[in-house]
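Have the sequence and the 3D view open as you read.

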Amino acid sequence: MTVDTPAWVRDAVFYQIFPDRFAGSERVHKPGILEPWDAPPTNHGFKGGDLRGIAERLDYLEDLGITAIYLTPIFSSASNHRYHTYDYFEVDPLLGGDDALRELLEAAHGRAMRVVLDGVFNHTGRGFFPFHHVLETGAASPYRHWFHNDDARLDAGRPLLAYPPPGTPPTELGYKAWWGLPALPKLNTDNPEVREYLMTVAEYWLRFGIDGWRLDVPAEIDDEPFWQEFRRRCRAIRPDAYLVGEIWRIAPEWLRGDRFDALMNYPLGEAVLGYAGVTNLDMTIVSTHHEYRLWVRPLDGPAFADRVMELDHVYDPDVVAVQLNVLGSHDAPRLRTVVGGDARSALLAMLLQATLPGAPSIYYGDEVGLEGSHDPDCRRGFPWDEGRWEPGLRESVRALLHLRRAERGLRDGPLRVAGAGGSAVAFERGDGASRFVVAVNTGNEAVRLDVRLEHPIEGGGRLEPVELPGFLPGLGGIDGGPLKDGAATLDLPARSGSVLRIR
């Protein structure tokens with residue numbers, strides 16, 4: 001089976017935006033009271049971010065080095081996160097409606113930025129018209145088989161319990177709901193009418209102009225032909241559409257060329273968190289997250305190198321090049337919070353994210369040091385007051401992203417371990433004129449690390465530090481010096497990282 005991944009993703013740097021929390025525009029009418037922007041977020045409060053607000057902030061994103069935007073759901077929904085869709089063919093009016101999406105797409109595409117939407121096709125909201133139809137008409141509804149309903153209950157004239165008293169067991173609802181949550185009825189994707197409806201939704205927005213889909217909990221639609229058809233129909237509309245699945249574990253069976261191009265690369269992100277935050281991981285936060293408690297743990301240099309190479313080899317190289325490399329998301333505590341609030345650890349994590357294979361995905365606000373614990377705290381409003389930004393962090397992230405964009409070897413070049421020992425690791429990236437050593441020491445003590453290139457340079461060569469304008473003091477700038485038979489010894493200061501060009 002041929003693996004065919006979109007070429008543009010190899011060069012992409014994504015920025016994940018939770019639309020209600022990034023930026024609001026005065027051009028989008030808000031019908032009532034909003035939650036204060038800087039107040040701690042709540043489960044049900046709306047802060048008033050919208051799509052026109054994002055369009056008005058594209059200068060900020062372009063300057064940072066962003067070339068693609070991933071938006072969490074934007075369709076009409078009675079929730080701030082919009083995973084409770086009630087109209088798949090309408091952009092939520094609170095976000096500015098369809099015209100606001102059109103404006104954002106035109107503005108982004110005018111800057112050569114791509115836009116990927118979140119597709120929530122496993123479950124809907126209670127307000128979704130077919131579910132509402134069943135609530136109103138029961139067994140007589142033509143839509144009764146669009147969901148996993150208790151047919152005996154409906155045939156007996158007993159209504160579904162969509163708004164149950166607190167503590168009601170999920171088995172008493174009369175329908176299957178995602179994680180037993182009454183607000184999220186699960187779609188019956190075995191039903192041909194449901195399948196066709198969802199395929200039509202995917203096609204409609206690709207024709208509208210989006211550049212791909214991030215698919216929410218796709219493993220819960222345990223139906224390989226469904227996703228194979230989904231891919232065929234999306235690619236028929238947009239041959240370069242990016243299809244990325246939210247699967248938290250290593251899952252090569254999804255990436256054989258017939259379903260998705262990539263996954264949200266949580267395994268790599270979890271390894272980076274464990275290595276970059278080794279000395280100061282907040283284990284209280286880690287141990288209370290449903291995934292991090294299983295996978296995030298302190299790693300030394302050799303263990304981290306082993307995990308990175310395992311992930312590099314488990315997939316086809318064309319898949320590795322387009323994996324969506326995340327260090328956090330709306331479903332996890334913030335990067336800076338996981339690493340104990342330490343800005344240096346956060347930057348070391350982002351240095352690795354920017355220089356390892358795959359497409360980096362910056363969760364909005366991580367570049368300025370935004371903190372946040374578990375949902376909903378990880379969904380705070382973006383702090384547009386620059387006085388609240390971690391000094392120097394954004395400039396450092398910007399320097400890394402612009403370097404990555406300038407150097408093919410850091411975007412799409414081969415990867416190998418050049419050295420690993422104690423708290424340090426060095427990776428060799430790229431080939432030809434775009435070839436680098438990325439060296440990191442996350443420990444509290446300086447480390448002397450021997451590195452060796454896979455192919456020595458004729459005449460010796462040397463390792464020269466890459467200038468990173470604005471990079472935080474104490475990071476970068478080490479001189480690797482001359483190479484002898486492809487080898488050198490690096491003196492890495494405590495908690496430091498450098499990018500060295502192989503000359």
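## The largest cavity

The largest cavity has a volume of about 110 Å³. A cavity here is a set of points, on a 1 Å grid over the protein atoms alone, where a 1.4 Å probe fits but cannot get out. Grid points are joined across faces, edges and corners, and the volume is the space filled by probe spheres set on the points. The structure holds three cavities of 30 Å³ or more.

Which residues line the largest cavity? They are Asn265, Leu268, Val308, Leu311, Asp312, Tyr315, Val320, Gln323, Asn325, Leu356, Pro357 and Leu415; a lining residue has an atom within 4 Å of a point. Helix α12 (residues 301-313) gives the most to this lining, with three residues. Helices (H or I, at least four residues) and strands (E, at least two) are DSSP runs, numbered from the N terminus.

## How the model was read

This is a predicted model, in which local features need pLDDT of at least 70 and side-chain atom pairs count only at pLDDT 80 or more, while totals for chains, interfaces and linings use all residues. Residues are numbered from 1 along each chain as its sequence is written, and side-chain values use heavy atoms, with hydrogens and water left out.

The protein chain averages a pLDDT of 96, and 100% of the residues score at least 70; pLDDT is the predictor's confidence in each residue, from 0 to 100.

## Parallel strands

Strands β1 and β2 pair in the parallel sense over four bridges, where pairing calls for at least two bridges found by DSSP. Isoleucine 17 has leucine 71 of β2 as its bridge partner. Strand β2 also pairs in the parallel sense with strand β5 (residues 114-119), again over four bridges, and alanine 68 stands opposite arginine 114 in β5.

Which way do the side chains of β2 (residues 68-71) point? Ala68 and Tyr70 point one way, Ile69 and Leu71 the other way, and all are buried. Buried means under 20% relative accessible area, exposed over 50%, and partly exposed in between (1.4 Å probe, protein chains only).

## An open antiparallel sheet

Six strands form an open sheet in the order β11-β12-β13-β18-β15-β16, with antiparallel pairing. Its edge strands are β11 (415-421) and β16 (481-482), each of which pairs on one side only. Two bridges join β16 to strand β15 (residues 462-465), and arginine 462 has proline 482 in β16 as its bridge partner.

## A covered helix and a loop residue

Helix α9 (residues 266-276) is mostly covered, with 11 of its 11 residues buried. Among them are Tyr266, Leu268, Glu270 and Tyr275.

Leucine 34 sits in the loop between α1 (19-22) and α2 (51-55). Why is leucine 34 counted as partly exposed? Because its relative accessibility is 34%. Leaving aside neighbours within four places in sequence, leucine 34 is in contact (heavy atoms within 4.5 Å) with Phe46, Lys47 and Gly48. Leucine 34 and phenylalanine 46 are 12 residues apart in sequence and 5.6 Å apart in space, C-alpha to C-alpha.

## Cysteines

A disulfide is a covalent bond between the sulfur atoms of two cysteines. The cut-off used here is a pair of cysteine sulfur atoms within 2.5 Å, and the structure holds zero disulfides. Cysteine 234 is buried, with a relative accessible area of 1%, and cysteine 378 is buried at 0%.

Key: On a 1 Å grid over the protein atoms alone, a cavity is a set of points where a 1.4 Å probe fits but cannot get out, and a pocket is an open set with protein on both sides within 12 Å along at least five of seven lines; lining residues have an atom within 4 Å of a point.
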